[in-house]
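Here's a quick tour of a protein model, put together for someone new to reading structures. Have the picture open beside you as you go.

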Amino acid sequence: MPPYLFAELERQISAKTKAGIDVISLGIGDPDLPTPDAIVEAAAAAMRDPRTHRYPTNHGSDEFHEAAASFYRDRFGVELDPSSEVIPVLGGKEAVGHIAMACLDPGDVCLSPEPGYPPYTSGPVFSGAEVHYLPLTEENGFFPDLAVVPDDVADRANLLYLDYPNNPTGAVVPGGAFADAVDFARRHELILVHDNAYSEICFDGYVAPSFLETPGAKEVGVEIFSLSKGWNMTGWRCGLVAGNAEVVERFRQLKSNLDSGLFGALQQAAVVALTKERDFPRRMSEIYERRRDLVVEALARIGLDVTPPKATPYLWLRVPDGHTSESFASLVLEEANVVVSPGPGYGPSGEGFVRLSLTVPDERLEEAVRRIETSLRASIIQA
């Protein structure tokens, strides 16, 4: 395994900080604003209840299951059986990695989009499976061209990852693409796992769908839903897997051998997020939309064009002519003391791009774009 991308970014930030340099990181998507008070208070109250001090059930509390099913019904129009089609997880990252272990044996093939979230590769590798990359290109709207996957590869594959709205590109799912993916999964008898971490952060009136809205989706796969970005809960490690009952149960069996379930107080916090605080992600979306526009306008002033994304707190920026992703990221770090994520850290097709995160306070984001604009204008124009 290569070093984890964000661990390397944290190392770079730490080295600069120890040298007394003020570094602004646009590299890691960790919300800067706090979790809503009602969620915090619900967790605090639950922690004072001695019943949460004991082992939780791996299956999850009935209240958690009902809240998740209710949220999916009201938000996406998807009906879930609370008892068999939902399970809490220790954040989306854990679910992405462990579901590979539940679905893949050594010698199997996993179809992983790239550029993509690193666990789409590491989970299958830890399972002993082969990874077949699905390049995401600008020409295809950053959705994999499943038609070009060789039949022999597709027939050996047991797992296909998708994630829309997409990390790192910020792309949204093209019309009809989920239906095509369901057909592909059915034809090749594989499990489709949709990582739905960003559906609640949307802009310009766009409303992201759930994969499970697609006819036949529950027949072929599951969706991982995370509370991290929409409710500013990255540190809480709260999420769920929903969909195909057999996959959910096999995932539960795996987890029962690896962990002891999601802490009961955190389940109670998640219940409040999915019920009483459903509107909070809309308020966060307004903040990120304002920040998005600020950065896009600043980048345009120095000749860098970027298509404003309809979702996610990320900008996927093509680097200037004459630069690689790495050289541009290094230039920004050295000249402006601003950290951005080189595209190849998410996969080979990320070359030529960097990812910028909007998850920093407004005044720091404004300072970052000022630094980039001031320090790099001459360099970019010359390049």
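This is a predicted model: local features need pLDDT of at least 70, side-chain atom pairs count only at pLDDT 80 or more; totals for chains, interfaces and linings use all residues.

Residues are numbered from 1 along each chain as its sequence is written, and side-chain values use heavy atoms, leaving out hydrogens and water.

**The inside**

- The largest nonpolar core has 94 residues, and Leu111 and Trp231 have the most contacts inside it. (A nonpolar core is a set of buried Ala, Val, Leu, Ile, Met, Phe, Trp, Tyr and Cys residues joined through side-chain atoms within 4.5 Å; buried means under 20% relative accessible area, exposed over 50%, and partly exposed in between, with a 1.4 Å probe and protein chains only.)
- Helix α11 (residues 280–301) gives this core its largest share, eight residues. (Helices are DSSP runs of H or I with at least four residues, strands are runs of E with at least two, and both are numbered from the N terminus.)
- Another core, of 21 residues, lies apart from that one, and Cys110, Tyr117, Leu159 and Ile224 are among its members.
- If you skip residues up to four places away in sequence, Trp231 touches residues including Phe71, Phe225, Leu274 and Phe280. (Contact means heavy atoms within 4.5 Å.)

**Helix α3**

- Helix α3 (residues 62–76) has 15 residues and reaches 21 Å from its first C-alpha to its last, close to the 21 Å expected at 1.5 Å a residue. (The expected span is 1.5 Å times one less than the number of residues.)
- Its buried residues pack against β2 (86–89), β6 (191–196), β7 (221–226), β8 (239–243) and α10 (264–274).
- One of the buried residues in α3 is His65, whose relative accessible area is 2%.

- Helix α4 is mostly covered, with nine of its 12 residues buried.
- Met101 lies in α4 (residues 92–103), but Met101 counts as partly exposed, at 34% relative accessibility.
- On the surface, Met101 forms a nonpolar patch with Phe126 and Leu258, and together they have about 310 Å² of accessible area. (Patches are made of residues with over 30% relative accessible area and no salt bridge, joining like charges within 9 Å and nonpolar side chains, meaning Val, Leu, Ile, Met, Phe, Trp and Tyr, within 5 Å; accessible areas come from the Shrake-Rupley method with a 1.4 Å probe, and for residues only the protein chains shown count as cover.)

**Salt bridges**

- The whole structure holds 26 salt bridges. (A salt bridge is a side-chain nitrogen of Lys or Arg within 4 Å of a carboxyl oxygen of Asp or Glu.)
- Arg291 pairs up with Asp32 in a salt bridge, their closest N and O atoms being 2.9 Å apart.
- Because Arg291 sits in helix α11 and Asp32 in the loop between β1 (24–25) and α2 (37–47), this pair ties together parts that are 259 residues apart in sequence.
- Arg291 is buried, at 3% relative accessibility, whereas Asp32 is partly exposed, at 27%.
- Glu367 and Arg370 also meet in a salt bridge, 3.0 Å from N to O.
- Those two are three residues apart in helix α13 (residues 362–382), so about one helical turn separates Glu367 from Arg370.
- Shared partners join Asp22, Arg364, Glu367, Arg370 and Arg371 into one salt-bridge network.
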